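I opened the notebook to record what I looked up in this structure, item by item. The entries follow the order in which I checked them.

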Amino acid sequence: MLAPLIIFAGIIFILLFGQTATFKDGIVGQLYIVLTSLIFLRIKNLLIKIFGSRIEKVFDFFGNKIRYNRNPMILIFYLLMVSVLVKFWFDNVTPDFATTKSLDPYQNLYLCLYLFFVMITFLFGVFTKPGFVTDKNNEQYLKRYTFDEILFFKEQCETCKLIKPARSKHCRLLNRCVARYDHYCAWLMNTMGEQNYRYFILFLFANLFLVSFGLYTVVRVLEQKVINTKMFELKFRDSKGNDMDIGFTFMMNYLKRTQPYTLGFGYLLISLFVIVILFIIYHFRLIWKNTTTNESVKIHELKSFIRNYQLQETQRKKGGHEEDTKGAEKLPKEEKNNKGIEKNESKSKNVRKRNIKNRTNKENQIPKNNIKDEVVKEKENIKNEKAESNLNNEIEKTKLIQHWEENIEKILQLNPKKFKSFYYQGFWSNLKDIFFPKKIKI
Ligand SMILES: [Zn+2]
């Protein structure tokens, strides 16, 4: 019983942390590629063999062209997980309702209502557009938030050729500028922005209610099993002849022996509960601080920029005397910046070249059966494709750092320990903006 539980927890762990900086180069990162990319490719090839190339259109529908970043594996995994858990519920938990006194007979009806809430928020999350910035609504979006001149300043999107409104970001997966961009959600296979972030939050809550309800029911069922044995009316007599109450461990051991499936199901629900709660806490912390996920990343970068700058300053002051005697030449700041841009541009050219080279190589390669080789190859492909789609991000980051360097006096006046959001308007007002975003014509 424990083995499938460990495998399941492992899969969740890989999907959640497979792409983080700590794990992506290790075995977890490799397994992530197998789970999200290689299996997908294998299934696709198999289906094409069976049904012919027409099936490819189905994969295109799921965004096959950008499969590395926007693949449906995690979404499918979520739906599968929900289906398996519901099936397990009906097979193993439902039969005990009749004998459980503390439960009323409508448990399955409640379950369906919670499931309905989950599926409705899921569908809204998947199919609602995040709020694209177009040339028709650009003016309106520009008026919504003023540029703070720190995280957001007047600049043109390299792809959309529009002035990017404050709090927006060019989404590299949907290839459009998204108003009040938050993050890309792999579970919903959609970018969360001004218009659909609310559905993401509701989706989290729907999952929380569903899991809590399941957990409550399982606890009640198990409680009844223990009550039926009357084990708590019994006393233990230890070797010294003292009477002892029946302990928690004894009860759990009894349940492990007699109700392994329901107990395992309960453990699984506890771990899901923890995961959902962590997500909710993280996002409510952001809402409390009036920040988007995207802005919190930028604030993090700003903090490290200030820290590095101050560190360099102190080092410069320390080594200042030596430098003077040696007569070391310092580059003027502007020149330095220009060099940075040149470097970035040549870097992007290299990435493009490498990708073209890689593609031609790919076409000539004979498929190997060695899974390890495949993972390495796939990892390289993903890296290249990501680098290409990341170009916009990199250019954006360079622009941001350049902007900070140009306005260094203003930046240094900020207190990194204190700043929350530059768009702070209070929790309730922010909540209102998230759940009832102001309408944009067209
Ligand atoms: Zn754009």
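I began with burial: a residue is buried if 20 or more other C-beta atoms lie within 10 Å of its own, exposed if 12 or fewer, and partly exposed in between, with the C-beta atoms placed from the backbone. I noted that this is a predicted model, in which local features need pLDDT of at least 70 and side-chain atom pairs count only at pLDDT 80 or more, while totals for chains, interfaces and linings use all residues. Residues are numbered from 1 along each chain as its sequence is written.

**Entry 1, Ile275.** I looked up Ile275 and found that it is partly exposed, because 16 other C-beta atoms lie within 10 Å. Ile275 lies in helix α9, where helices (H or I, at least four residues) and strands (E, at least two) are DSSP runs numbered from the N terminus. Leu16 is 259 residues from Ile275 in sequence, yet the two are 9.8 Å apart in space, C-alpha to C-alpha.

**Entry 2, the whole protein.** I recorded 14 helices and six strands, and of the 442 residues 19% count as buried. Among contacts between residues at least 6 apart in sequence, 69% join residues at least 24 apart.

A nonpolar core is here a set of buried Ala, Val, Leu, Ile, Met, Phe, Trp, Tyr and Cys residues joined through C-beta atoms within 7 Å. The largest one has 34 residues, and those with the most contacts inside it are Val178, Cys185, Leu188, Phe200, Phe203, Val218 and Leu269. Two or more residues each come from α5 (107-127), β2 (176-178), β3 (183-185), α7 (197-229) and α9 (260-288), and α7 gives the largest share, 12 residues. I then followed Phe200, which touches Gly125, Cys185, Leu188 and Met192 when residues up to four places away in sequence are not counted. Apart from this core lies another, of five residues, including Leu151, Ala166, Phe422 and Tyr423.

The axes of α4 (residues 73-93) and α9 come within 10 Å and cross at roughly 145 degrees; axes are lines fitted to C-alpha atoms, for helices over the stretch in contact, and angles run from 0 to 180 degrees between N-to-C directions. On the α4 side the contact is made by Phe88, Asn92 and Val93, and on the α9 side by Tyr261, Thr262 and Phe265. By class I noted four nonpolar, two polar and no charged residues, with Ala, Val, Leu, Ile, Met, Phe, Trp, Tyr, Cys and Pro counted as nonpolar, Asp, Glu, Lys and Arg as charged, and the others, Gly among them, as polar.

In the model, residues 30-52 are 96% helix and 0% strand, with the end C-alpha atoms 30 Å apart. Residues 110-127 are 100% helix and 0% strand, with the end C-alpha atoms 26 Å apart.

Which residue has a positive phi of about 55 degrees although it is not a glycine? I found that this is Met189, in the loop between β3 and β4 (190-192). Met189 is buried, because 20 other C-beta atoms lie within 10 Å.

Terms used. Two residues are in contact if their C-beta atoms, placed from the backbone, lie within 7 Å.
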